[in-house]
Amino acid sequence: MPLLFSYGTLQQPDVQLSTFGRLLDGYADALVGFEQSLFEITDPAFVASSGKAHHAIVTFTGRNDDRVRGMALEVTDAELSKADAYEPAGYVRIATVLASGRDAWVYADARSLPLSEPHE
């Protein structure tokens, strides 16, 4: 089962229920080589739904001492597609390796990524 690393709203039970129709299983982990900041969402529907215009986002630094704490959530391939639809413009899903050594997907700031092929 794929893992989706969340450092923001996808950790919230109400967001999981509305996005996936269930509560996800997961465990604490960390994203290595990234730092967290705020990103301004310009999609009025997303802002209205979430109640705020600024959301957490991670940017790639490549430094092993940079870490973002969050949750590694177990999802199905179909749920990954639902997560893709949930995330607003500006976030791109990429493959990464977490501090635990497990492979996972994460939504990151596309502007900060090294040359790679994003999955959208």
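Contact here means heavy atoms within 4.5 Å, and helices (H or I, at least four residues) and strands (E, at least two) are DSSP runs numbered from the N terminus. The structure is a predicted model, so to speak: local features need pLDDT of at least 70, side-chain atom pairs count only at pLDDT 80 or more, and totals for chains, interfaces and linings use all residues. Residues are numbered from 1 along each chain as its sequence is written, and side-chain values use heavy atoms, with hydrogens and water left out.

The sheet comes first. Five strands make up an open sheet with mixed pairing, in the order β2-β5-β1-β7-β6; two strands pair if DSSP finds at least two bridges between them. β2 (26-32) and β6 sit at the edges with a single partner strand each, so one side of each has no neighbour in the sheet. On average, neighbouring strands of this sheet are turned by 40 degrees against each other, direction ignored. Axes for such angles are lines fitted to C-alpha atoms, for helices over the stretch in contact, and the angles run from 0 to 180 degrees between N-to-C directions. β6 and β7 pair in the antiparallel sense over seven bridges, and T96 stands opposite A104 in β7.

Helix α3 lies across β1, β5, β6 and β7, and runs at about 10 degrees to β7. Its buried residues are E79, L80, A83 and Y86, where buried means under 20% relative accessible area, exposed over 50%, and partly exposed in between (1.4 Å probe, protein chains only). Seen down the axis of α3, these buried residues fall within an arc of 115 degrees, so they line one face of the helix; the arc is that of the directions from the helix axis to the C-beta atoms. On the face of α3 turned away from the buried side are the exposed residues D77, A78 and A85.

Now for the core. A nonpolar core is a set of buried Ala, Val, Leu, Ile, Met, Phe, Trp, Tyr and Cys residues joined through side-chain atoms within 4.5 Å. The largest one has 31 residues, of which Y7, L31, F34 and V58 touch the most other members. At least two residues of this core come from each of β1 (3-6), α1 (13-20), β3 (34-40), β4 (54-60), β5 (67-74), α3 (77-86), β6 (91-97) and β7 (103-109). The largest share, four residues, is supplied by β7. Leaving out residues up to four places away in sequence, V58 touches a list that includes Y7, L31, F34, V68, V106 and Y107.

Some individual residues round out the picture. S6 belongs to strand β1 and counts as buried at 4% relative accessibility. Beyond its neighbours within four places in sequence, S6 is in contact with Q11, G70, M71 and L73. R93, in strand β6, is buried with a relative accessible area of 4%. The R93 side chain makes a polar contact with the side chain of D84 at 2.8 Å; a polar contact is a pair of N or O atoms within 3.5 Å, where within protein one must be able to donate a hydrogen and the other to accept it, and residues adjacent in sequence count only if both atoms are side-chain atoms.
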